[in-house]
Amino acid sequence: MNKNISLKLLLFFSILVSFTVHSKERVWLDYDLAMGKKLADVDDGLALISALTSNEIEIAGLSFGFGNINDLQFMERETIKILHKVGRSELPSYRGAEDKYQLGRSTDATEAIASALRKGPLKILALGRMTNIASTIILHPELKANIQEVVVNFGRRLEYEVGVGAKNMIMPDTNVDGDKDATKVLIDQKIPLTLIPTELMHDQLMNKQRMNVLRNGTPIARWMRRESLIWKFVWRIYPGMDGFIPWDVFVIGYLTDPDDFSCLSNIPIAIQNLPNNTIRTLRIRKRSKTKDFVVASPHLQNGSIGKYCYDVTDDHLDKWVFRWSNL
Ligand SMILES: [Ca+2]
């Protein structure tokens with residue numbers, strides 16, 4: 001090859017590499033990992049694996065706290081197991097709040113998030129209760145400006161709500177209900193929230209067909225399927241569907257495949273007390289007549305301004321299943 005052409009090619013590839021590196025999103029991941037515990041939701045596990053193996057994301061740090069389960073020692077152990085499986089053992093993970101009464105208290109998680117915020121603007125994917133993020137804001141209010149966006153799996157429209165299945169069952173937003181005060185801190189402090197609600201993913205199920213793709217995949221894919229089988233069975237019993245919604249995975253997808261998402265930008269978000277139409281779950285036997293919901297609507301007079309994503313392309317979950325099957 002002529003020297004001139006090689007030099008030009010070299011220049012082209014260095015620009016390409018530098019563009020790729022700089023276009024990566026700097027992201028903090030806070031979660032409530034329960035994958036591996038019997039009869040517990042597996043979505044945080046699937047989401048964590050997805051984030052750790054996505055080229056589009058630069059993980060600035062990991063933290064966890066109570067939520068799906070309250071056993072933080074278990075979460076620590078399972079995080080280490082997952083990091084090892086996907087070849088990211090170098091990443092530390094930090095322990096956060098053990099319950100909602102620790103809101104405002106300093107933990108390893110709050111200090112690690114603060115330290116990442118001091119280094120520059122950061123997007124936070126908050127997959128569990130808002131406690132760790134809210135506590136960081138309470139303890140280090142001067143760092144608020146560096147929170148570019150907090151992407152969460154909760155919220156609904158003020159005017160109507162979309163449920164799951166043929167009976168349109170309305171799921172409770174456990175990430176809000178589990179620590180309402182922490183959610184309120186984020187809204188009161190006008191943190192830019194992006195809501196990834198049930199409306200967007202209500203028909204995207206990890207069904208038999210998708211589970212079969214994992215069965216024919218790599219050892220990691222087969223392990224992910226094995227870990228998810230009991231949870232799929234739980235959904236078969238109640239709410240009686242072939243498959244489960246892998247909620248938190250869509251929060252990761254919002255960053256890795258933004259073009260798949262349809263969202264309303266600059267929309268007011270607030271907490272409102274509305275008639276309670278959510279389904280009963282194993283944890284919630286008694287249901288109050290009204291309930292606080294995080295709602296988005298152009299008709300809200302006050303609240304913080306954020307984003308409400310209401311739809312995702314039909315093949316979005318298939319993309320994830322394909323990626324997982326090749327891990
Ligand atoms: Ca979660």
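Trainee: How are the donor residues of the calcium ion spaced in sequence?

Mentor: The pattern is D-x11-D-x82-L-x120-D. Keep in mind as we chat that this is a predicted model.

Trainee: Okay! Which residues coordinate the calcium ion?

Mentor: Asp-32, Asp-44, Leu-127 and Asp-248 do, at 2.3 to 2.7 Å.

Trainee: Where do Asp-44 and Leu-127 lie?

Mentor: Asp-44 lies in helix α2, which covers residues 43-52. Leu-127 is in the loop between β4 (122-126) and α5 (131-139). The two are 83 residues apart in sequence, so the pair ties together separate parts.

Trainee: Is Asp-44 buried or exposed?

Mentor: Asp-44 is buried, with a relative accessible area of 1%. Leu-127 is buried as well, and its value is also 1%.

Trainee: New topic, salt bridges. How many does a search of the whole structure find?

Mentor: The search finds 18 salt bridges. One of them joins the side chains of Lys-123 and Glu-25, at 3.4 Å from N to O. Lys-123 sits in strand β4 and Glu-25 in strand β1 (residues 25-31), so this pair ties together parts 98 residues apart in sequence.

Trainee: And what about accessibility for those two, buried or partly exposed?

Mentor: Lys-123 is buried, at 14% relative accessible area. Glu-25 counts as partly exposed, at 24%.

Trainee: Which other residue forms a salt bridge with Lys-123?

Mentor: Glu-149 does, with the closest N and O atoms 3.2 Å apart. Glu-149 counts as buried, at 9% relative accessibility.

Trainee: One more pair, please. What does Arg-95 form a salt bridge with?

Mentor: Its partner is Glu-76, and the closest N and O atoms are 2.9 Å apart. Arg-95 belongs to strand β3 (residues 93-95) and Glu-76 to helix α3 (residues 72-85), so to speak distant parts of the chain, 19 residues apart.

Technical notes
Residues numbered from 1 in each chain as written. Predicted model: local features only at pLDDT ≥ 70, side-chain atom pairs only at ≥ 80, totals over all residues. Heavy atoms only, no water. Donors = N, O, S within 2.8 Å, 3.2 Å for Na, K, Ca; no water. Helix = DSSP H or I, 4+ residues; strand = E, 2+ residues; numbered from the N terminus. Buried < 20%, exposed > 50% of the residue type's maximum accessible area, 1.4 Å probe, protein only. Salt bridge = Lys/Arg side-chain N within 4 Å of Asp/Glu carboxyl O.
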